[in-house]
Amino acid sequence: MNSDATVHLSAAVRQALDRHQPVVALESSVLAQGLPIPANRSAAERMVGAVERQGAIAAISAITRGRPVLGLEGQDLERFLCRDGVGKVSARDLGVAMARKADGATTVAATLVLARVAGIGVFATGGIGGVHRSSRKLFEGSVQTRDESADLLELARSRVVVVCAGAKSVLDLPATWERLETLGVPVVGYRTLELPGFFTVRTGIRLSVRCDTAGEIARVARCHWSMGNRQAVLVVQPPPAEQALTDEETERAIDQAVADAESKGIEGPATTPFLLEAVNRLTNGRSLEVNLGLLERNAELAADIACALMAQTAAVTT
């Protein structure tokens, strides 16, 4: 680990890493931008609790007053939950936020950077970013431009197991799937052979790899990296079946949300938070319940994988 000069670690995270105990990174953008108050506090408590119940240490990532942090806690965490002057920080924004002594909630991409620097090998989130649905046309309407999340590039260069419920439903899922394949990011279905759609269990996109245990996922990751590969291993599991939305109601809500975003000129980093908030409103809050449920389940699975990775590594070295 070479994080001392670059990333501040909470006492619990530092101790766990020094003792070779399992740690799970968690993003903070979902708390400061992705979820409304007070659901964001519930999400933080449920994710951290799920990680700890499985025997691992949770490390919420952030930039606090210009300092990269893994293990956001105390008054700093409270400030983020209150959204008090907290910006959204992706991988490209890290240096700017640090230089300007800013508060920044880290996206999937930025969290992957901090985890990579600190040597944390497992990360749990809700849904990754990807290729956005075409929402604006240029050059006399003949050319469409697509906004592609920086999450994909960081997944292609971070040796981290990332647990999610697929890419967010508001994205172009087939295009995102193709980009993951092109970038060489292995996608493993946890007890499924279909890519989940964040709010939905089904997308019609078939996976080629299924694992039924955390130990099997850990072995896949270790073998993948043993060949010199630098990509993350993306683990996807469906949202809780009892909470998941149907394909039809999800598409209706997303179509309306995209139209609303287009009419208001919403684009860039503001797009996903706007769309998720709109979908929540259009589904009468049901999508928010799905989001909270899958965040907790993903954190639990990530902790199991972190424990399995640590146990397998220890068995090899002893």
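The model is a predicted one, with local features reported at pLDDT of at least 70, side-chain atom pairs only at pLDDT 80 or more, and totals for chains, interfaces and linings taken over all residues. Residues are numbered from 1 along each chain as its sequence is written, and side-chain values use heavy atoms, leaving out hydrogens and water.

T192 sits in the loop between strand 11 and strand 12; helices (H or I, at least four residues) and strands (E, at least two) are DSSP runs, numbered from the N terminus. Its relative accessible area is 11%, so T192 is buried (buried is under 20% relative accessible area, exposed over 50%, partly exposed in between, with a 1.4 Å probe and protein chains only). Setting aside neighbours within four places in sequence, T192 is in contact with L207, V209, R210, V236 and P238, where contact means heavy atoms within 4.5 Å. R191, in the loop between strand 11 (187-190) and strand 12 (210-211), has a phi near 60°, a positive value in a residue other than glycine.

Most residues other than glycine have a negative phi, and most peptide bonds are trans. K101 is another residue, not a glycine, with a positive phi, near 55°. K101 belongs to the loop between helix 5 (94-99) and strand 6 (104-106), and it counts as exposed because its relative accessibility is 61%. As for the peptide bonds, the one from I37 to P38 is cis, with omega near 5°. P38 falls in the loop between helix 2 (29-34) and helix 3 (39-53).

On a 1 Å grid over the protein atoms alone, a cavity is a set of points where a 1.4 Å probe fits but cannot get out, a pocket is an open set with protein on both sides within 12 Å along at least five of seven lines, and lining residues have an atom within 4 Å of a point. Grid points are joined across faces, edges and corners, and a volume is the space filled by probe spheres set on the points. The largest cavity holds about 30 Å³ of space, and its lining consists of I128, G166, A167, T176, W177, L180, L195, L234 and V236. V236 is also one of the contacts of T192. Helix 8 (173-182) and strand 13 (233-236) each supply at least two lining residues, with helix 8 giving the most, three. By class, the cavity lining has seven nonpolar, two polar and no charged residues (Ala, Val, Leu, Ile, Met, Phe, Trp, Tyr, Cys and Pro count as nonpolar, Asp, Glu, Lys and Arg as charged, and the others, Gly among them, as polar).

The largest pocket has a volume of about 630 Å³. Of its 32 lining residues, K88, T107, S149, P269 and T272 are the closest to the centre. Helix 2, helix 6, helix 7 (150-155) and helix 11 (271-282) are the elements giving two or more residues to this lining, and helix 2 gives the most, with four. The pocket lining splits into nine nonpolar, 15 polar and eight charged residues.

Helix 6 (residues 108-118), one of those contributors, is mostly covered, with nine of its 11 residues buried. The buried set is V108, A109, A110, T111, L112, V113, L114, A115 and A118. Just after helix 6 comes G119, with a positive phi of about 80°.

Elsewhere, E296 in helix 12 (residues 286-317) makes a side-chain polar contact of 2.8 Å with R46. Apart from neighbours within four places in sequence, E296 is in contact with R46, M47, A50 and R53.

Finally, the aromatic count comes to one pair. The ring centres of F198 and F199 are 4.8 Å apart and their planes lie at 50°, so the pair is tilted (rings of Phe, Tyr and Trp, its six-membered ring, pair if their centres lie within 6.5 Å; planes under 30 degrees apart count as stacked, over 60 as edge-to-face and the rest as tilted). F198 is buried, at 1% relative accessible area, and F199 is buried too, at 2%.

Conventions. A polar contact is a pair of N or O atoms within 3.5 Å; within protein, one must be able to donate a hydrogen and the other to accept it, and residues adjacent in sequence count only if both atoms are side-chain atoms.
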